[in-house]
Amino acid sequence: MKFSGNFDDNGAAQILSARQGKSGLTTTLQFDSADETVTGSVTDAGFVAQIKAYRNVFSPSYPALDYEGKYKVVVPGATGVATVDALGNVTFLGTLTNGTGVSQASAVSRDGYWPFYLQRSGANETFWSWNQFTNGAVRSLPGLPSDY
């Protein structure tokens with residue numbers, strides 16, 4: 001589903017999205033220029049999903065020197081390697097405990113945050129968390145991983 005809208009002078013936006021055969025979605029966003037983040041939620045009559053987004057700030061003239069490298073990642077249900085390039089792109093290649101190969105691509109924020117999300121193909125199982133690169137290591141932040 002695609003949607004578009006504009007932030008007002010206070011950095012707020014609300015977007016209403018119709019869905020065929022389902023209740024509509026309300027997306028509420030707040031832009032914080034000091035932190036370079038967007039927070040908010042998506043909701044309908046039955047659920048609320050929180051949103052947190054960080055601006056991708058890295059470029060050839062402002063490389064991700066503090067995060068660039070390879071990191072071994074061991075989390076319940078998966079192991080692998082996260083690689084961060086000079087542009088702040090994060091690539092995770094790993095294996096689930098059942099032997100299934102998985103991959104994920106994202107970007108690291110200015111403060112080292114990395115959103116991690118895996119969905120097992122053809123299954124209602126997901127694994128997600130916010131992680132943060134600190135002092136050459138990956139620190140997992142609270143999330144709600146499911147079991148693989």
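**Exercise 1. In this predicted model, find which residues Tyr67 touches, leaving out those up to four places away in sequence.**

Solution. Start at Tyr67 and skip residues up to four places away in sequence; what remains is Phe58, Val84, Val108, Ser109, Arg110, Asp111, Gly112 and Phe133. Now take the largest nonpolar core, which has 20 residues. Tyr67 is listed there among the residues with the most contacts inside the core, and so are Val84, Val108 and Phe133. Val90, Phe92 and Trp114 complete that list. Next, look at the strands: β5 (69–75), β6 (78–84), β7 (89–96), β9 (113–119) and β10 (126–134) each supply at least two residues of this core. As a background thought, nonpolar side chains in soluble globular proteins tend to be buried together.

**Exercise 2. Work out whether Gln104 is buried or exposed, and what its side chain joins by a polar contact.**

Solution. First place the residue: Gln104 lies in strand β8, residues 101–107. Its relative accessible area is 11%, and because buried means under 20%, Gln104 counts as buried. Then check the side chain, which makes a polar contact of 3.3 Å with the side chain of Trp114. Finally, beyond four places in sequence, the contacts of Gln104 are Val90, Thr91, Phe92, Trp114, Pro115, Phe116, Tyr117 and Leu118.

**Exercise 3. Describe how β7 and β8 are joined.**

Solution. Begin with direction: the two strands run antiparallel, and seven bridges join them. Then follow the chain through the hairpin, where four residues sit between the strands and Gly99 has a positive phi near 95°.

How values were computed:
Residues are numbered from 1 along each chain as its sequence is written. This is a predicted model: local features need pLDDT of at least 70, side-chain atom pairs count only at pLDDT 80 or more; totals for chains, interfaces and linings use all residues. Side-chain values use heavy atoms; hydrogens and water are left out. Buried means under 20% relative accessible area, exposed over 50%, partly exposed in between (1.4 Å probe, protein chains only). A polar contact is a pair of N or O atoms within 3.5 Å; within protein, one must be able to donate a hydrogen and the other to accept it, and residues adjacent in sequence count only if both atoms are side-chain atoms. Contact means heavy atoms within 4.5 Å. A nonpolar core is a set of buried Ala, Val, Leu, Ile, Met, Phe, Trp, Tyr and Cys residues joined through side-chain atoms within 4.5 Å. Two strands pair if DSSP finds at least two bridges between them.
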